[in-house]
Every structure is written in C-alpha cells, then in structure tokens.
Amino acid sequence: MAGQRKSAEERRDEIIGHAIRHFALGGYHGTSTEAIARDAGISQPYLFRLFKTKRELFLACYERANGRILDTFRAAAAGTEGDATLEAMGAAYVELLGDRNQLLFQMQAYAACSDPDIQRRVREGYGEVVREVTRLSGAPPEQVWQFCSQGMLLNVIASLDLPAIADRDEWAAAWCQPGDLIRMTR
C-alpha cells in the first residue's frame, strides 16, 4: 500500500543501513547524525527518539556488522569438518571484504575504541567471533589466533585496496593473489 507507515523497528533497521555507510567513511567522531537523518529521510529529533544517543546508534551498527560476520562463519562452516572448516570460513570472509562499507565500518569500530563503552562492546563482539570460530572449527587456540590475525591482515589489504595497485607494485601483487588470501586464513 502506498503511504503505509513503517514501524519504529523497520525505521531503526533502515537507519542502521544509512548510518553504517556514514560511519564507514567518517568514523564515530567525524559523522554527523544530522547527515544520517537527512540520508534516511527523517528528522534528527526522530533519529534520537529511535536511538537515544549517537553512541547507541553506532553500537547498533556494530551489532549488525558483527552479527553478519558470525552468520557468515556459521553458514560457511555448515557441513564441514576439521581444517576444511577454517578454510571455508576464511573463503567466506574474503567474500565479505567485497562490501567496502561493512569493511570500513569494522575498521572504524576498532578506531572508536577510545570511547570506553564502545571499546567494551567491540571487545565483547570480537570475543564472540573468536569463541564461535573456536567452536565451529574445533581448532586449538594457536590456530584460531593465526586465523584471526590473518583476517585482520586481510582487512588491511582490502581497506588499502591493494588490488588497485597490484599491476604496478610487485609487493601488492604478491599479497593480492586470491589463492594466497584464502590460504592466509587457514
């Protein structure tokens, strides 16, 4: 129906999508809630009725982004065993890196950890990922550490867009081989 009003929950969900794009580019401190509200087609006061503070909005964005990683790992691990589980999760993570807004938001979440409340939640969320990778793979702590550390390196490779310079910089080309990226996550 034309003109049907969206529920507050539908609006919240929609605003989070807009906010992730803004926070991905501007970070927590550099992003204007006014710009997010304008992009979402709502007033800033309405944004603050749905999210009491900018921090609450940022953390809602983080919950979505972290949940996406967890869901991706769970789906990739389904029906796998042993080393194949880490390989499948690594390949799925490489695919996630194609969404630049999500990638940059993830990096901005780490950068926003100067705020103690954000740091606490991002730390908890990262712990959720580590525990889930451990549970899904059955891998020992050192192998999970290697998997997660390689994932962070993949974040850097993707955020720097090394494939864009791979044709003119040998080191970037060596780090951007798709098979190498997947092997790095094992």
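1. Which residues in α1 meet which residues in α6? In this predicted model, the α1 side of the contact consists of Ile20, Arg21, Phe23, Ala24, Leu25, Gly26 and Gly27, and the α6 side of Asn101, Gln102, Leu104, Phe105 and Gln108. Sorted by class, the contact of α1 with α6 has six nonpolar, five polar and one charged residues.

2. The geometry of this pair may be stated next. Helix α1 spans residues 8-30 and helix α6 residues 100-111; the two pack at an angle of about 55 degrees, and their axes are 8 Å apart. Because of that angle, α1 is oblique to α6. The crossing in which α1 passes α6 is left-handed.

3. Helix α6 also packs against α4. The axes of α4 and α6 cross at roughly 120 degrees and come within 10 Å. The two helices are therefore oblique to each other, and their crossing is left-handed. From α4 the contact draws on Phe58, Cys61, Tyr62, Ala65, Arg68 and Ile69, and from α6 on Gln102, Phe105, Gln106, Gln108 and Ala109. In terms of class, the contact of α4 with α6 has seven nonpolar, three polar and one charged residues.

4. Phe105 deserves a separate point. Phe105 is named in the contact of α6 with α1 and again in the contact of α6 with α4. With neighbours within four places in sequence left aside, Phe105 is in contact with Ile20, Phe23, Ala24, Phe58, Cys61, Tyr62 and Ala65.

5. In soluble globular proteins, nonpolar side chains tend to be buried together. Here the largest nonpolar core has 27 residues, of which Ile15, Phe23, Leu57, Phe58, Cys61 and Phe105 touch the most other members. At least two residues of this core come from each of α1, α2 (33-40), α3 (44-50), α4 (54-77), α6 and α7 (116-137). Another core, of 25 residues, lies apart from it and includes Ala77, Leu86, Ala92 and Ala139.

6. Is Arg121 buried or exposed? Arg121, placed in helix α7, counts as buried because its relative accessibility is 14%, below the 20% limit. Apart from neighbours within four places in sequence, the contacts of Arg121 are Leu59, Tyr62, Glu63 and Glu128. Tyr62 is also listed among the α4 residues that meet α6.

7. Ala166 is found in the loop between α8 (141-159) and α9 (170-175). With a relative accessible area of 21%, Ala166 is partly exposed; the value falls in that class because buried means under 20%. Not counting residues up to four places away in sequence, Ala166 touches Ala172 and Ala173. The C-alpha atoms of Ala166 and Thr80 are separated by 33 Å, the two residues being 86 residues apart along the chain.

8. Some overall values complete the note. The protein has ten helices and zero strands. Along the principal axes, its C-alpha atoms fill a box of roughly 50 × 40 × 40 Å. Of its 186 residues, 42% count as buried. Among contacts with a separation of 6 or more, 68% are accounted for by residues 24 or more positions apart.

Terms used: Residues numbered from 1 in each chain as written. Predicted model: local features only at pLDDT ≥ 70, side-chain atom pairs only at ≥ 80, totals over all residues. Heavy atoms only, no water. Axes fitted to C-alpha atoms, helices over the stretch in contact; angles between N-to-C directions. Helix = DSSP H or I, 4+ residues; strand = E, 2+ residues; numbered from the N terminus. Parallel < 35°, antiparallel > 145°, perpendicular 65-115°, else oblique. Left-handed = near helix turned anticlockwise from the far one by under 90°. Contact = heavy atoms within 4.5 Å. Nonpolar A, V, L, I, M, F, W, Y, C, P; charged D, E, K, R; others polar. Core = buried A, V, L, I, M, F, W, Y, C linked by side-chain atoms within 4.5 Å. Buried < 20%, exposed > 50% of the residue type's maximum accessible area, 1.4 Å probe, protein only.
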